[in-house]
Amino acid sequence: MILKSQVEWALHCCAILAGLPEGRYLSTKALAEFHGLPKEYLSKALQSLSQAGLVHTTLGPSGGYRLARAPADLTFLDIVEAVEGKAQTFVCNNIRANNPCRPHGYCESSPCAVARVMWDADEAWRQKLRSVSFSDLIETLARDIPKDLWKNSFEWVLERAG
């Protein structure tokens, strides 16, 4: 499975937005500059988040994006599904029915073992993404990122937040 690069972009942008003070917004331009991304392409990922109701937007010189939920109430799965959709990652086409050794008219009453394993794997993957909130991520980043870089990044964002 390969996810769109917009998933990575949306996850990183939400990590930044999770640290914004109440009532502040960050523009697409600032988010694109911070991550070294093309603004036009990033705006498509942010539009997906907006359409899913995960971010609030506002127009004007101090406009931009902010999270629509508290970081503790927003998960990685929310972002992935906003960008990629909610469809399962595996679609069973029941090719076992093409087996030339099967008796004519034979039909299984349950999904095949391959489909069950793949669906279980998809659910495990989604459960892991569902279990990580953006408040969890912020705690991890605060431990992992050197203090000076963390502070400088936060100050950079706040200087540009409307």
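## Getting oriented

A helix here is a DSSP run of type H or I with at least four residues, and helices are numbered from the N terminus. Keep in mind that what you're looking at is a predicted model.

## Asparagine 94, in a loop

Start with asparagine 94, which sits in the loop between helix H4 (76-84) and H5. Its phi is near 50°, a positive value in a residue other than glycine.

Is asparagine 94 buried, exposed or partly exposed? Its relative accessible area is 35%, so asparagine 94 counts as partly exposed; that class runs between the 20% and 50% cut-offs.

Now move along to helix H5, which spans residues 113-130 and holds valine 117. Valine 117 counts as exposed because its relative accessibility is 54%, and the cut-off for exposed is over 50%.

## The largest pocket

Next up is the largest pocket, with about 370 Å³ of space in it. Helices H1 (5-17), H2 (28-35), H6 (134-144) and H7 (147-160) are the elements that each give two or more residues to its lining. H7 supplies the largest share, 5 residues.

Which residues lie nearest the centre of this pocket? They're Ala15, Ile16, Leu141, Ile145 and Trp150, out of 18 lining residues.

Terms used:
Residues are numbered from 1 along each chain as its sequence is written. This is a predicted model: local features need pLDDT of at least 70, side-chain atom pairs count only at pLDDT 80 or more; totals for chains, interfaces and linings use all residues. Side-chain values use heavy atoms; hydrogens and water are left out. Buried means under 20% relative accessible area, exposed over 50%, partly exposed in between (1.4 Å probe, protein chains only). On a 1 Å grid over the protein atoms alone, a cavity is a set of points where a 1.4 Å probe fits but cannot get out, and a pocket is an open set with protein on both sides within 12 Å along at least five of seven lines; lining residues have an atom within 4 Å of a point. Grid points are joined across faces, edges and corners, and a volume is the space filled by probe spheres set on the points.
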